[in-house]
Amino acid sequence: MNPPSRPKEPDALSRRDFMRLASLTGALVAADLPSLAAEPGAKLKSAVIGHTGRGDYGHGLESIFSNRPNVEVVALADPDSEGRARTAAKIGTPRSYADYREMLEKERPNLVSIAMRQSDQHHGIALAALQAGAHIYCEKPFVTAPNESDELLAEADRHGRKIAVAHTMRMMPAVVLLKQAIAQGLIGDVQELRSFGKQDARAGGEDMMVLGSHLFDLLRLFLGDPLWCTARVLWQGRDIAPADRRIVNDNVGYVAGDEVFAQFAFPRGVNATFTSAVKLRETVEHWGIEFYGSKGSARINCDIAPNVFVRRSTGWKSEGKTDAWQPLDASVEKPPAPQNLGPVGDWLHAIAKNREPECSGRNGAWAVEMVMGVYHAALSGKRVSFPLSVRNHALN
């Protein structure tokens with residue numbers, strides 16, 4: 001089976017619009033929204049789908065429609081009765097359902113937040129929401145395998161709907177600023193990027209899917225689409241086999257391994273690596289990405305509000321080196337705004353203007369595809385090219 005093509009996303013944001021949207025408080029200009037509603041002046045109907053006890057409501061996704069005057073939250077779906085009642089009261093929705101299918105059929109929302117962290121549920125819910133006519137904002141990881149994202153992206157295109165995935169770091173002001181600074185020569189010619197997972201108790205395959213998916217999204221933001229990868233994934237000191245697959249507490253599909261080392265080739269001769277091994281946690285300290293250029297280095301310390309630092313080499317001397325990491329811009333190193341405001345505002349703007357969101361479903365799909373590429377390469381012991389020719393889960 002030939003993989004689906006990955007066309008360049010249409011109507012890319014201008015730099016000016018990107019900077020504006022990166023700092024959005026989430027409120028849209030009122031004039032942007034009436035064309036989306038059934039009648040002039042009508043509000044968009046929105047709904048939230050979560051699952052208390054199975055992924056809950058990741059990173060505030062139950063509240064993304066709050067304080068938006070042109071959006072009305074009409075319903076919530078959650079199979080857990082106590083969690084459903086608690087969350088419905090929190091977001092002030094008038095109706096709630098145990099079954100998201102019943103909610104979609106009765107409410108027919110324009111907008112849906114798929115909020116649970118456990119991405120094994122995302123595909124089925126997103127497909128039903130798209131078929132009910134809704135645009136989707138989805139917690140990450142987007143899905144568990146490329147064939148699932150293929151189906152959702154095709155369905156969204158068929159119905160003219162927009163999907164956004166909560167890989168929000170690509171829109172954070174510090175990251176936007178770093179991208180512009182690197183383009184303007186901050187660290188010279190970029191040669192290599194080294195990314196590190198959180199490397200906690202989830203080190204290995206779970207770390208790669210849950211947090212590495214953020215890092216893979218950022219690698220593509222800076223470098224473009226990967227060309228190929230090689231990888232080694234270990235479980236208790238030996239190379240993994242398909243039988244080593246397992247399901248973890250936050251079900252993101254099958255994962256494997258407690259150590260991961262992967263290398264990705266990108267255009268223009270740039271290489272990038274991803275490492276997750278609990279023994280490196282103390283040495284690496286913060287999860288994130290280090291950039292190595294011909295004139296200096298930069299680092300993103302990842303978090304809900306990532307911080308960015310720059311280091312210029314002083315050269316080795318007999319007494320050692322005195323290199324120091326300094327903030328790229330102290331004015332953007334500040335506590336985060338309420339969760340997801342800018343990315344959700346961008347998603348709504350993208351719907352109104354019929355363009356792709358910055359945190360698009362296609363970007364979310366690529367992050368999952370890179371995870372699967374690592375497993376395919378590790379299991380085969382060979383270089384694996386992108387886009388992947390095998391679209392199902394690598395550990396199936």
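Which helix supplies the largest share of the lining of the largest cavity? The structure is a predicted model, in which local features need pLDDT of at least 70, side-chain atom pairs count only at pLDDT 80 or more, and totals for chains, interfaces and linings use all residues. Residues are numbered from 1 along each chain as its sequence is written, and side-chain values use heavy atoms, without hydrogens and water.

A cavity is a set of points on a 1 Å grid over the protein atoms alone where a 1.4 Å probe fits but cannot get out. The count is 2 cavities of 30 Å³ or more. The largest cavity holds about 50 Å³, a volume being the space filled by probe spheres set on the points. Its lining residues (an atom within 4 Å of a point) include Leu153, Ala156, Asp157, Glu356 and Arg362. Helix α5 gives the largest share, 3 residues. Both α5 (146–159) and α11 (361–380) supply at least two. Helices here are DSSP runs (H or I, at least four residues), numbered from the N terminus. By class, the lining has 4 nonpolar, 2 polar and 5 charged residues. Ala, Val, Leu, Ile, Met, Phe, Trp, Tyr, Cys and Pro count as nonpolar, Asp, Glu, Lys and Arg as charged, and the others as polar.

Helix α5 also meets α4 (residues 122–131). Their axes (lines fitted to C-alpha atoms over the stretch in contact, with angles from 0 to 180 degrees between N-to-C directions) come within 10 Å and cross at roughly 10°. Therefore α4 is roughly parallel to α5, a term for angles under 35 degrees. In the contact (heavy atoms within 4.5 Å), Leu127 and Leu130 are among the α4 residues, and Leu152 and Ala156 among those of α5. This contact has 5 nonpolar, 3 polar and 3 charged residues.

How values were computed: 1 Å grid on protein atoms, 1.4 Å probe; cavity = no way out; pocket = protein on both sides within 12 Å on 5 of 7 lines; lining within 4 Å. Parallel < 35°, antiparallel > 145°, perpendicular 65-115°, else oblique.
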